[in-house]
Amino acid sequence: MKSFFNVQDIGPLDKALAEALEVKRDRFQYQQLGKNKTLLMIFFNNSLRTRLSTQKAAMNLGMNVIVLDVNAGAWKLETERGVIMDGDKSEHLLEAIPVMGSYCDVIAVRSFAGLSDREFDYAETIVNQFVKYSGRPVVAMETATVHPLQAFADLITIEEHKKTARPKVVLTWAPHCRALPQAVPNSFAEWMTAADVDFVITHPEGYELDPRFTKGATVEYDQRKALAGADFVYAKNWSCPGVTRPEDYGKILSSDSSWTIDSEHMRWTNDGYFMHCLPVRRGLIVTDDVIESDHSLVIPEAANREISAEVVLKRVLESL
Amino acid sequence: MKSFFNVQDIGPLDKALAEALEVKRDRFQYQQLGKNKTLLMIFFNNSLRTRLSTQKAAMNLGMNVIVLDVNAGAWKLETERGVIMDGDKSEHLLEAIPVMGSYCDVIAVRSFAGLSDREFDYAETIVNQFVKYSGRPVVAMETATVHPLQAFADLITIEEHKKTARPKVVLTWAPHCRALPQAVPNSFAEWMTAADVDFVITHPEGYELDPRFTKGATVEYDQRKALAGADFVYAKNWSCPGVTRPEDYGKILSSDSSWTIDSEHMRWTNDGYFMHCLPVRRGLIVTDDVIESDHSLVIPEAANREISAEVVLKRVLESL
Amino acid sequence: MKSFFNVQDIGPLDKALAEALEVKRDRFQYQQLGKNKTLLMIFFNNSLRTRLSTQKAAMNLGMNVIVLDVNAGAWKLETERGVIMDGDKSEHLLEAIPVMGSYCDVIAVRSFAGLSDREFDYAETIVNQFVKYSGRPVVAMETATVHPLQAFADLITIEEHKKTARPKVVLTWAPHCRALPQAVPNSFAEWMTAADVDFVITHPEGYELDPRFTKGATVEYDQRKALAGADFVYAKNWSCPGVTRPEDYGKILSSDSSWTIDSEHMRWTNDGYFMHCLPVRRGLIVTDDVIESDHSLVIPEAANREISAEVVLKRVLESL
């Protein structure tokens with residue numbers, strides 16, 4: 001595996017899942033793979049789970065890890081050619097990226113969507129420069145449009161908790177007080193449509209996800225109908241993806257609190273599990289009793305981030 | 001040892017001291033203990049000595065270390081249940097703590113007293129959540145009320161420099177320009193009353209430390225009388241502990257510069273050593289000549305922070 | 001080697017170069033040297049290349065690495081004796097430095113010139129305190145007046161690309177929008193005058209570098225004449241070194257864009273290579289086409305920072 005952005009990068013999901021469960025049984029069995037290999041983790045945005053779990057996974061594999069927090073304000077990168085760099089940008093990405101690549105074997109990057117320019121975000125303008133100029137495999141630690149380490153961890157968690165061969169999985173939009181990127185729901189949809197599950201997406205009108213991620217999914221605008229018989233309820237907020245109305249990209253179109261997952265919503269399901277990628281705003285996305293119930297998977301999900309990252313880094317190391 | 005907050009957590013002090021001196025003779029002899037074990041160090045507050053010495057101690061033991069600087073402003077934790085999280089707090093500690101626990105084997109936490117709410121501080125509201133929800137042993141790297149890694153290092157330093165079986169140790173308040181927590185004097189008092197020393201505390205009236213830490217200590221309000229015959233002078237500022245007047249909690253009650261330790265104060269002692277946990281404000285706590293004299297132990301004291309941390313982490317690893 | 005600031009610290013350059021090329025062939029061959037040795041990297045200023053390459057080099061050698069970012073605002077060090085520290089400086093360097101030294105085996109420090117007080121800067125007031133009080137070998141990661149890890153990497157790069165036994169190397173000033181220190185040109189001049197090259201410096205009048213670094217170099221004020229026949233063009237901006245007019249120290253004396261290296265400048269050379277230490281402002285120092293050409297060495301130069309750091313740390317470890 002050269003780089004890790006999309007579900008197809010990991011190959012057949014049944015093999016990836018089997019490998020994840022094997023790694024989980026003994027997470028230190030592949031330490032020779034990472035010996036004298038360095039992972040450079042570059043953060044353009046804050047991180048808790050991704051920072052800790054990816055670093056832990058790399059150390060499980062015997063890798064050296066260097067963490068670089070790029071304070072966007074202090075270290076602005078020029079992206080255009082032909083300009084006189086007499087402003088606040090002190091380095092051009094055409095130099096910065098190959099230099100960073102020269103000190104490591106694998107690069108992991110976190111760079112969120114700006115949510116103001118759909119074309120810029122959906123072209124993955126920033127991380128694609130890393131792919132093009134770093135000379136190293138690039139692992140997405142949440143980009144403008146995808147968060148595959150999260151989606152893979154979600155899939156592992158569903159595999160571990162499913163009670164039927166082909167469970168019903170529902171991705172439901174829920175309200176939030178800030179405009180959030182679509183990376184998590186995009187990747188979750190992409191991975192679930194590739195997995196052996198019955199996948200339904202529900203959200204208010206206008207929140208349609210980009211079709212490149214949802215091919216094969218059922219979209220049901222009535223949340224109650226969508227949740228009926230669900231084995232897994234995956235709640236998440238996202239701002240308008242701008243698919244039908246590009247001018248609404250990044251906007252909050254609804255704050256309808258009837259979409260908040262409470263115990264009544266969960267009663268509509270098939271004794272379903274509650275899932276969320278965290279961090280989660282209680283009272284907006286989900287009520288206290290649901291997230292604290294024995295049917296809440298948010299902590300096992302987060303713990304599986306270490307496993308998904310370890311499988312991905314293992315694959316990358318094997319292909320070096 | 002499951003967690004490390006108080007003197008009783010370390011067990012008999014003579015055994016702990018013997019172990020400290022053994023570790024100091026060869027600090028790399030227990031590297032198998034830490035293999036594939038990860039220490040997560042969480043800082044809600046700045047740190048120099050604690051950060052470096054604890055990290056060094058963990059590496060001496062062969063552990064992996066992950067350092068997380070929590071910028072209190074950027075990553076506020078909600079602590080109440082039943083609230084709609086539509087403000088500036090983006091994650092509830094009920095999720096954040098078990099997630100952090102899932103990526104490590106041992107958690108070390110630094111979280112200072114706020115000094116505005118005595119009950120909140122003295123209930124150790126923040127770190128107790130880590131004990132309750134992380135599922136991991138928790139090591140205090142200075143909490144609202146205790147700083148046991150410092151007190152243990154102080155005890156080791158006294159053991160190494162004492163000239164009599166039962167030396168006289170005096171904890172003396174000294175003035176400071178800012179309101180400081182009581183964690184260091186609390187722990188020093190707690191450890192000294194448990195140790196085989198003659199322990200005296202001196203401070204202006206109103207600065208009485210919480211009795212849970214000072215049981216068995218002599219309090220002498222006349223600094224000169226207290227220092228008479230002292231083998232070790234431990235200077236430290238603290239703000240009002242609010243024991244007698246809770247409404248004064250966290251306030252500066254005195255800036256009396258006659259309490260500053262100068263060479264005249266040291267002449268009252270039994271050719272005593274000067275100690276301070278650092279950082280120290282010269283000219284307020286102590287004069288240049290005293291801290292620079294050959295009777296100043298501030299550097300050996302700080303160096304012993306590596307030893308106290310290594311013994312504590314060793315004990316925790318042994319009990320995993 | 002006890003400390004690393006100047007070219008003489010590394011000894012004969014032919015031996016150092018041979019060692020660099022040997023380390024580059026297998027950068028993991030000296031891992032036993034660094035076992036249980038800790039490098040403390042202290043940054044008073046931002047860093048990209050230096051931070052990553054030095055950390056990588058230390059890990060290549062099997063060292064443990066602790067990185068400390070000193071936020072100059074939050075953690076101000078008092079440097080004077082006899083003052084009452086009741087202001088914003090919470091620790092005296094006379095305590096802070098030996099404490100830092102006690103937790104490591106080697107200290108690397110980055111501390112830029114302030115550019116307001118020539119005497120303070122050129123006396124290396126800050127890093128000399130580390131040499132004096134840390135009790136450890138000190139490696140310069142760019143100080144007020146020198147950047148030897150960069151100059152050594154530059155020398156390695158020239159050695160790898162030279163087509164004649166004694167190439168012509170030209171250090172040329174170029175314009176910049178901010179006042180920059182002289183550390184890079186100082187060290188480059190110091191190393192080139194010690195190396196087996198024909199070395200010429202060119203800059204507008206008033207930009208004369210301190211003679212302690214340029215002994216033996218030819219200074220040619222006509223940039224075109226200087227560049228004639230050059231095998232290597234090393235472009236760099238620096239502010240006034242204040243040699244002839246101390247009152248101009250740190251000032252921008254010229255912003256003459258005719259000094260910007262473009263393809264016409266490169267045509268004057270002997271099919272020369274372009275070099276720069278990075279980060280570089282395109283359009284001010286150099287044009288896009290020159291820095292992107294196949295005669296640009298900026299990326300190999302940066303990559304050799306890992307090698308120069310590894311040789312230096314290897315030498316330091318050998319002398320512990």
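The legends below describe close-up views of a predicted model.

Residues are numbered from 1 along each chain as its sequence is written, and chains are lettered from A and ligands numbered from 1 in the order in which they are written. In this predicted model local features need pLDDT of at least 70, side-chain atom pairs count only at pLDDT 80 or more, and totals for chains, interfaces and linings use all residues; side-chain values use heavy atoms, with hydrogens and water left out.

**View 1. Relation of chain A to chain B.** Chain A is superposed on chain B by a rotation of 120° with 0.0 Å of shift along the axis, at an RMSD of 0.0 Å. This is the relation of a three-fold axis. The superposition is by least squares on the C-alpha atoms of residues with pLDDT of at least 70 in both copies.

**View 2. Interface of chain C and chain A.** Contact (heavy atoms within 4.5 Å) involves 30 residues of chain C and 30 residues of chain A. The buried area is about 2,500 Å², and carbon and sulfur atoms give 58% of this area; buried area is the accessible area (1.4 Å probe) that two parts lose on being put together, summed over both. The interface has 2 salt bridges, a salt bridge being a side-chain nitrogen of Lys or Arg within 4 Å of a carboxyl oxygen of Asp or Glu. A salt bridge links Arg49(C) and Glu91(A), with the closest N and O atoms 2.9 Å apart.

**View 3. The side of chain C that touches chain A.** Between chain C and chain A, 9 residue pairs are in polar contact, both residues at pLDDT 80 or more. A polar contact is a pair of N or O atoms within 3.5 Å; within protein, one must be able to donate a hydrogen and the other to accept it, and residues adjacent in sequence count only if both atoms are side-chain atoms. The elements giving two or more residues to this side of chain C are helices H3 (49-60), H12 (288-292) and H13 (298-318). Helices (H or I, at least four residues) and strands (E, at least two) are DSSP runs, numbered from the N terminus. H3(C) supplies the largest share, 7 residues.

**View 4. Interface of chain A and chain B.** Here 30 residues of chain A are in contact with 29 residues of chain B. The area buried between these chains is about 2,500 Å², with 59% from carbon and sulfur atoms. There are 2 salt bridges between chain A and chain B. In a salt bridge between Arg282(A) and Glu95(B), the closest N and O atoms are 2.7 Å apart.

View 5. The peptide bond from Leu278(A) to Pro279(A) is cis, with omega near 0°, and Pro279(A) is in the loop between strand E11 (273-275) and H12 of chain A. In chain C, Leu278(C) and Pro279(C) are joined by a cis peptide bond with omega about -5°. Pro279(C) lies in the loop between strand E11 (273-275) and H12 of chain C.

View 6. Asn36(A), although not a glycine, has a positive phi of about 60°. Asn36(A) is in the loop between helix H2 (31-34) and strand E1 (38-43) of chain A, and is buried, with a relative accessible area of 17%. Buried means under 20% relative accessible area (1.4 Å probe, protein chains only), exposed over 50%, and partly exposed in between. Leu115(C), also not a glycine, has a positive phi of about 70°. Leu115(C) is buried at a relative accessible area of 14%.
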